[in-house]
Amino acid sequence: MFKNTYQSGLLSIFYSCGSNPLAIWDMEVKNGHIKRLTDNEVNSIVLEIVSTNVATTFITCPKRNQVLGIKLPFLVMIVKNLKRYFSFEITIVDDKNMRRRFRISNFQSTTKIKPFCTCMPIGLSGGWNQIQFNLADFTRRAYGTQFIEVQRVQVHANARLRRIYFSERLYTEEELPQDYKLYLPMEKKSKKAKQEKKEEETAKKIPAQPPVTAAPVEVVAEPPVESKVSAATIPPPVAVSEEKIATHTESVVEIIPETVVVEVSSKEGEETISAKVEGEENNEPTAEEITEIKPDEDMPVEE
């Protein structure tokens, strides 16, 4: 599909806010749903993939028997953790003309490397996450071969998707275009800060006036006067909630999703691959939270 296309910088294959985000994707739905909705956290349209069975509800790119042919080595996904089973797969071709498949999920606790499929666990933090997957490094460490291109991407339930794209290197938040970031509606703090700054600059331009000393005033004690106004005639002060103010002063403030960097390590001749969340030291799932499965078995079914 992209084999004869010039590939450099960023190459997006999914964007939830587009007119037809699944134009080059196939869908498979059973005991679940795939639909677009508005996420309250980012106040934007996202794609939700939910099912009681992870294996039966998914989206696949590209359609039918086509191949992507993307040579960019980094896969980046912006997903929201729904605190349920979640999985995705990437099929690549190496320099030995062998098709290898990487399956990443949050319900496995161990890494298994087989000749044609590698299964790895991943830990996601709550809310929105940015998953960065180095395909070239994974291919070299798992199979000792060189990454050539990506042929297929498959995303299973359960998650909300914002964007999926490939890149030639990892970009910082300042280098990414605006539509590749997430935004959260907040109070209009930027304009308020600008207004305060302008008032401070105006106050600096006006010369300070000397303090005025008031003449002493003689205080004459008077007998107390009984008030004729009842409490009912004076309405209590109306408190304006911050939520009402926010409805008129909304703006967008950028939020950075949690970045999940998938890393690979080897120990005593046995290849192991793990996933880490930046900012967290030990995010490895416990045995109670994650169930080990084999690649040949079906994915777990939530009751």
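These entries cover peptide bonds and phi angles, taken in turn.

**Entry: the setting.** I am working with a predicted model. I kept one background point in mind: most peptide bonds are trans, and most residues other than glycine have a negative phi.

**Entry: peptide bonds.** I looked up omega from C61 to P62 and found the bond cis, with omega near 5°. I then located P62, which sits in the loop between β5 (58-61) and β6 (74-81).

I turned next to A157 and N158. Their peptide bond is also cis, with omega about 10°. Where does N158 lie? I found N158 in the loop that runs between β12 (147-156) and β13 (159-167).

**Entry: phi angles.** I checked N31 and read a positive phi of about 60°, although N31 is not a glycine. The loop between β2 (26-28) and β3 (32-39) holds N31. Is N31 buried or exposed? I noted a relative accessible area of 52% for N31. Exposed means over 50%, so N31 counts as exposed.

I went on to N97. Its phi is positive, near 60°, and N97 is a residue other than glycine. I placed N97 in the loop between β7 (87-94) and β8 (99-105). N97 has a relative accessible area of 64%, so I logged it as exposed.

**Entry: recap.** My list holds cis bonds from C61 to P62 and between A157 and N158. It also holds positive phi values at N31 and at N97.

Definitions and conventions
Residues are numbered from 1 along each chain as its sequence is written. This is a predicted model: local features need pLDDT of at least 70, side-chain atom pairs count only at pLDDT 80 or more; totals for chains, interfaces and linings use all residues. Side-chain values use heavy atoms; hydrogens and water are left out. Helices (H or I, at least four residues) and strands (E, at least two) are DSSP runs, numbered from the N terminus. Buried means under 20% relative accessible area, exposed over 50%, partly exposed in between (1.4 Å probe, protein chains only).
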